[in-house]
Amino acid sequence: MIKVLLAGLAAFWVSWVAQAAGAECIVPSKPGGAMDLTCKLARKGLQGLQGTAKAPPVDMHISYLPGGIGAVAWHSLVSQRRTEPNTLVAFSGGSLLNLAQGKFGKVKASDVRWVAALGADYGMIAVRADSPYHSLGELLAALKAQPQKVLIGVSGTIGSQDWLKMALIVKAAGIDPKVLRFVALEGGGEAFTAMHANYVQVVSGDASEATLYAGNGNTRVLAVLSEQRLPGVLASVPTAREQGIDVVWPIIRGVWMAPQVAEADYRHWVAAFDRVLASPGYAAMRDSAGLFPFGLTGDALSRYVSKAVEDYGRRATELGLMR
């Protein structure tokens, strides 16, 4: 029986490694943001399997396909690359929000194959280290007094999750989101670059992105949108709730595949990420990427995504954002 199991495992790895040797992970934004981190975490996790399963290293290439806050990458896989067995695409809760609002066209969550959720992230609000704003309250006071003088960088346009996070925060403070000045950018990396160049004064983004910049002393994170303070680099940052603003914004991060990938190929990838999530070293990899525990794969992830899209759609309708 043991020989049969070992032979089956060996056959799995021979097949899967052959397929993974030319694998690609697409970042649907510009370099430097949380989508980029997702693909790098996926690659690192898969490469980490070689130590436990004695498999060769996975040669996963990371490419960038920005545009339309994820729409370009979505339509590329769904319309032109429907059967590619080696291509993964990073996604986040923002991707699901865009799906719910119809920003990817007349498509459904079931139109692609959801492979793995690698961790959870949370929203955050940041300014430059030399900013006059030292707390969320100080920023909100400035926005209430002179909203036209503060440019807020967000990934995407009106209705994107970065826009929505800031809109919910200011609304809770009695400010009409319509009076704010938002600058639409392509990904978190570009948003932080714009802030450090003083093109915008505030970034509404994600905690995982902030960990890349907060440690070097040029970024001040004013609030994290989590239930409790986060560990690690942002441990000293208060939550929005602590500062009197009851807004929490969790974000799932993971990868999906094109709709007509062969069932066997899809199951190979799901099984591989099952092993990644269960591997002893994965928690440390996830933590270094600024993410927090949350793992689902295959059918369970597909069900989660379907429900999340419904929930986002209901929330967007309440805010008058649905097309």
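## A walk through the helices, rings and loops

In helix H2 (residues 34-48), the buried residues are Ala 34, Met 35, Asp 36, Leu 37, Thr 38, Cys 39, Leu 41, Ala 42, Gly 45 and Leu 46. Buried here means under 20% relative accessible area, exposed means over 50%, and partly exposed is in between, with a 1.4 Å probe and protein chains only. Helices (H or I, at least four residues) and strands (E, at least two) are DSSP runs, numbered from the N terminus. Please keep in mind that this is a predicted model, in which local features need pLDDT of at least 70 and side-chain atom pairs count only at pLDDT 80 or more, while totals for chains, interfaces and linings use all residues. Residues are numbered from 1 along each chain as its sequence is written, and side-chain values use heavy atoms, with hydrogens and water left out.

Let us stay with H2 for a moment. Its 15 residues reach 21 Å from the first C-alpha to the last, close to the 21 Å expected at 1.5 Å a residue; the expected span is 1.5 Å times one less than the number of residues. Two packed helices are described by the angle between their axes and the distance between the axes. H2 packs with helix H10 (residues 263-278) at an angle of about 80 degrees, and the two axes are 9 Å apart. Axes are lines fitted to C-alpha atoms, for helices over the stretch in contact, and angles run from 0 to 180 degrees between N-to-C directions. That angle makes H2 roughly perpendicular to H10, a label for 65 to 115 degrees, whereas under 35 counts as roughly parallel, over 145 as roughly antiparallel and the rest as oblique. On the H2 side, Ala 42, Gly 45 and Leu 46 make the contact, and on the H10 side Trp 269, Ala 272, Phe 273 and Val 276 do. Contact means heavy atoms within 4.5 Å.

H10 has another partner to visit. It packs with H12 at an angle of about 90 degrees, with the axes 9 Å apart, and H10 and H12 are therefore roughly perpendicular to each other. Here Tyr 266, Arg 267 and Val 270 in H10 meet Gly 298, Asp 299 and Ser 302 in H12. Tyr 266 also has Arg 113 lying over its face, at 4.1 Å from the ring centre. A charge sits over a ring if NZ of Lys or CZ of Arg is within 6 Å of the ring centre and within 35 degrees of the ring normal.

Now to the aromatic rings, of which the structure holds 11 pairs. Rings of Phe, Tyr and Trp (its six-membered ring) pair if their centres lie within 6.5 Å; planes under 30 degrees apart count as stacked, over 60 as edge-to-face and the rest as tilted. Phe 192 and Tyr 213 have ring centres 4.4 Å apart and planes at 10 degrees, so this pair is stacked. Phe 192 lies in helix H8 (residues 188-196) and Tyr 213 in helix H9 (residues 207-214), so the pair ties together parts that are 21 residues apart in sequence. Both Phe 192 and Tyr 213 are buried. In contrast, Phe 294 and Tyr 304 have ring centres 5.2 Å apart and planes at 55 degrees, so their pair is tilted. Phe 294 is partly exposed, with a relative accessible area of 27%, and Tyr 304 is partly exposed as well, at 33%.

One aromatic cluster is formed by Trp 74, Phe 91, Phe 104, Trp 114 and Trp 256. Trp 74 is also among the buried residues of helix H4 (residues 71-80), together with Ala 71, Ala 73, Ser 76, Leu 77 and Val 78. These buried residues of H4 pack against strand E1 (24-27), strand E3 (87-92), H5, E4 and strand E9 (250-257).

The loops deserve a look too. Val 112 lies in the loop between helix H5 (93-100) and strand E4 (113-128), and is buried, with a relative accessible area of 6%. Not counting residues up to four places away in sequence, Val 112 touches Trp 74, Val 78, Trp 256, Met 257 and Pro 259. The C-alpha atoms of Val 112 and Met 257 are separated by 6.2 Å, although these residues are 145 residues apart along the chain.
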